[in-house]
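Here is a short briefing for a first look. Please view the sequence and the structure before reading on.

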Amino acid sequence: MTDNFAQLGVSSFFIKRLEERNIIKPTDIQNKVSPLLAAGENILFTSATGTGKTFAYLLPVLSSLLSPSREAGINPYFVIVAPTLELCTQIKSELDFLLADTKISSSLLTGSVNLERQIETLKKEKTDIIVGNLGRLHVLAKMGKIKFSGLKYLVLDEADRLVSGEMMDETSELCKIIRREAKSGFTFAACSATLNKKCREKLLVNCFGSNTANIKFIEAKDSEILFDKIEHWAIFSEKRRKDQALRSLLSALKAKNKRKGSPKALIFTSRNDEALFVLSRLQHHHIPAAGLFGKVSKKPISGENRKAALDSFRDGTVMALVSTDLAARGLDIPDITHVIALDVPSDSEVYIHRCGRTGRAGKRGTMITIGDETQMFLLSALEKKLKIKIYPKELHYGQVCAPMPDED
């Protein structure tokens, strides 16, 4: 293990870029992953949200692009596949930051942009790096508009989502096209905050191809994110009073954090219609809130509205962002103080993904679940499975406090 990026083989140019953000010491996952990718190893890796997975794969690949010994080839050199527009946009933003003042080019290919316009751009301009969402890259690859013969690195980000039921076929077909065209061979990596055994098996069978014997699985020592940096609360509420309990909680958090500034709360529901209802109730009661979710009544939320919601949450215009689990995957929003769940997921990995939105960059956070008797029972089971301590809380006179003792 090393405490500086130079020993990982990261270019001095990128080290200076990282210093601009006061990033000096590699995280555990960066220490483990970057040297392997630099050496051309195929890997699956997992680490909690906020532990630096994106830089873990970007830094070694970009450093190889800057290498004087690199031979000019057919672009793209590096392709990154992600499941959502937001994650693609964030990865592209990190690339723009790292690649400023270099001649390395990158392109963002997502379904939010006209397909014909993207095809024309690909004809006219060569690009070293492509970041794209699965659906658009799959379409362009089938049409033969992206050539992979010069590919050296392929990364699947949020890979567990990419091999989930509704995306599995597209991911498998895209990887087959890439393997068929990239005749010189390429380095393959896949990552997520959670990669259980089933997901890893799907990746090996459907994405890596036949030669899977030497693929490494890397897991970071980041349990302190879930256990030490995040405090877990449970607040009981009957289902019909849940939106009222949420409003009371946000008011109490705002009053408590008055000296430190307004809290920044990310609110989770499982379904789009529930997210829309919660958002409408908050706005009706004049609580500054925005929404980030998919289709409601077959009407999609536009890309412009999604961006506006994220921007208003990032800059503090609104104190609450209501989202579904799917819409929030891959989001990297700094300084989220509280994550509030209005249901209890059946899968512990969903709970981990939710938790990972707070308690980042050395800061502390709070994970709060509001639920009825049935959901509290499910939460208790999660508490045992994850070996965490969840503290019961109540709302009294505008404050969050420990439960009152029962009277005899």
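Which residues does glutamate 219 touch, not counting residues up to four places away in sequence? Glutamate 219 touches Lys32 and Thr46, where contact means heavy atoms within 4.5 Å. This is a predicted model, in which local features need pLDDT of at least 70, side-chain atom pairs count only at pLDDT 80 or more, and totals for chains, interfaces and linings use all residues. Residues are numbered from 1 along each chain as its sequence is written, and side-chain values use heavy atoms, with hydrogens and water left out.

**Glutamate 219**
- Glutamate 219 lies in strand β7, residues 216–219 (strands are DSSP runs of E, at least two residues; helices are runs of H or I, at least four; both are numbered from the N terminus).
- Glutamate 219 is exposed, because its relative accessibility is 52% (exposed is over 50%, buried under 20%, partly exposed in between, with a 1.4 Å probe and protein chains only).
- From asparagine 133, glutamate 219 is 86 residues away in sequence and 25 Å away in space, C-alpha to C-alpha.

**Cysteines**
- The structure has 0 disulfides (pairs of cysteine sulfur atoms within 2.5 Å).
- The closest cysteine sulfur to that of cysteine 199 is in cysteine 207, 11 Å away, so it is too far for a bond.
- Cysteine 199 is buried at 12% relative accessibility.
- Cysteine 401 is partly exposed at 22%.

**Helix packing**
- Helix α15 (residues 348–355) packs against helix α16 (residues 373–386) at about 85 degrees, with axes 10 Å apart (axes are lines fitted to C-alpha atoms, for helices over the stretch in contact; angles run from 0 to 180 degrees between N-to-C directions).
- The two helices, α15 and α16, are therefore roughly perpendicular (65 to 115 degrees).
- Ser348, Tyr351 and Ile352 of α15 meet Leu379, Leu382, Lys385 and Leu386 of α16 in this contact.

How values were computed
Parallel < 35°, antiparallel > 145°, perpendicular 65-115°, else oblique.
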